[in-house]
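Colleague: Please put the model up, and I will ask about it piece by piece.

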Amino acid sequence: MSLFAVQLRREWLLLVQSSEEILNPLVFLFLAITLFALATGGGPDTLQAIAPAVIWVLVLLANLLSLEGLFRRDFEDGTLEQLLLKAEPAFLALTAKILVHWTFSGLAMTVLAAVAALILYLPVSSLGTLLISLLVGTPALSLIGAVGAALTVGLKRGGVLLALLVLPLYVPVLIFGAGAVLEQMAGIETRAQIYWLGVISMASLTLAPFAVQAALRVSLEQ
Amino acid sequence: MSMSASLSVSQSLKAWWHKLGSPRWFYEISGPWQRLFGVLALVLLVTGTVWGLAFAPQDYQQGNSFRIMYVHVPTAIVSQSVYMLMGAAGLVLLVWRMKLADMVLSAAVPFGMSMTACALFTGAVWGKPTWGAWWVWDARTTSMLVLLFLYFGLYALRQAIPREETAGRACAVLALVGTVNIPIIKYSVNWWLTLHQPASFTLTGAPSMPPSMWVPLLINVLGIYCLFAANLIGRLKLTILERERNTQWVRALVREVSA
């Protein structure tokens, strides 16, 4: 089996076994949506108007929460060090790791966003745009976020710092993602935003693994 | 003939590049440069500011309130350049492991951060009479705000990592990722909404102002770059002394000064 496939299989098995790591961010997503409904009074008009923004921002934050654990265990038990020493090329193994992380964060959130859209009264006609924007945009979140996770994995209290490092870099994804849904609701053509999300995700896929590799090497030094 | 000439040029460039890796060499040659840039900054900024505030003609629409441009535009331009410079320094640090690049990376942050904050503040002051609100979520205001967050991130990352060398390389990775992202952020925010007037200076088009208005602005822009150069060199020299405090030459220098 190739390195990529082996790593993919290993990550998959590990994540499936630790269900709380997958579930917690997803529960957070719905908990936070409930808070929004409670805070705004639950009026359908208000909720509908803010639905794209709320869903996209919370997906960003839930992603951030799931990122903290991305390298933590492998860093602590030394697997990461072995991987960077032995795996050739290491960025490929890291890409596999990030992709598996995405299936349990970004992809899972995309599926669940359909339910979130329902309880926030998003019009059914906009549901397609929301799901496509999430499907195309969330890989970028995992990939860019992985750089931040790699930089902060060696630190004791990396949580807030991770948010500080990564959220500004999420700005373009948020703008195109939430913007696509808002414009769809206003009856404007949204293909351009989706294409841009695709561009950002593909660019992250080609560049971010190298940055992650460099960042992990730095983190392992300390 | 020409080949040997180009060979010697490339050799002297190479020698210069290697020398640049030595903090001691930089410390010793940079004093006159700091003074030169400091004097230039003083002359240019005083000329540009006095000219802009007192002698440039009024704007036919904005009256006198446009004059804050002479502070706002230079600070905004320089704060973006400083981040780009840090990206370049990050690349140099990761590829060549040059100590000086790490020092540039840490010494440029305070200036860049304060210039970004200054641009945002003057933007708010300018926004009140022009748009009728202190803060408007317009494209370039917002991308400056994101830039400020990027600066905060670099600052916080360095604070969080105790080992100096590791902190420097971590910041280098972050500065590089940030530099790649800045154009995308700018583009996306531009797409999002735009209320801001178009850029005052572009490299390709003619300025949309008469010379009596844009010449002082240009002088101030050049002046603030000189101020940055002087500030950076000063901070670099202090950083060099601090980080190389255990070397022979710094000890000798300290003895010499205190004697």
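Colleague: In chain B, what share of the contacts with a separation of 6 or more is between residues 24 or more positions apart?

Modeller: This is a predicted model, in which local features need pLDDT of at least 70, side-chain atom pairs count only at pLDDT 80 or more, and totals for chains, interfaces and linings use all residues. Residues are numbered from 1 along each chain as its sequence is written, with chains lettered from A and ligands numbered from 1 in the order in which they are written. A contact is a pair of residues whose C-beta atoms, placed from the backbone, lie within 7 Å. For chain B, the share asked for is 80%.

Colleague: How many helices does chain B have?

Modeller: Helices are DSSP runs of H or I with at least four residues, strands are runs of E with at least two, and both are numbered from the N terminus. Chain B reads α-α-α-α-α-α-α-α from that end. Its strand count is 0, and its helix count is 8.

Colleague: Which element of chain B gives the most residues to the side that touches chain A?

Modeller: Chain B puts 25 residues into the contact and chain A puts in 21. On the chain B side, α5 (139–160) and α6 (164–192) are the elements that give two or more residues. With 14 residues, the top contributor is α6(B).

Colleague: Is A:L80 buried or exposed?

Modeller: A residue is buried with 20 or more other C-beta atoms within 10 Å of its own, exposed with 12 or fewer, and partly exposed in between, the C-beta atoms being placed from the backbone. A:L80 sits in helix α5 (residues 79–86) of chain A. Beyond four places in sequence, its contacts are A:F71, A:D74, A:F75, A:L216 and A:L220. Because A:L80 has 23 C-beta neighbours inside 10 Å, it counts as buried.

Colleague: Which residues touch the most other members of the largest nonpolar core?

Modeller: Such a core is a set of buried Ala, Val, Leu, Ile, Met, Phe, Trp, Tyr and Cys residues joined through C-beta atoms within 7 Å. The largest one has 134 residues, and helix α8 (residues 159–185) of chain A supplies its largest share, 15 residues. The residues asked for are A:I55, A:A215 and B:V173.

Colleague: At what angle do helices α3 and α7 of chain A pack?

Modeller: The axes are lines fitted to C-alpha atoms over the stretch in contact, and angles run from 0 to 180 degrees between N-to-C directions. Helix α3 (residues 44–67) and helix α7 (residues 124–152) have axes 10 Å apart. Among the contacting residues of α3(A) are A:P52, A:I55 and A:V59. The packing angle is about 35°.

Methods: Contact = placed C-beta atoms within 7 Å.
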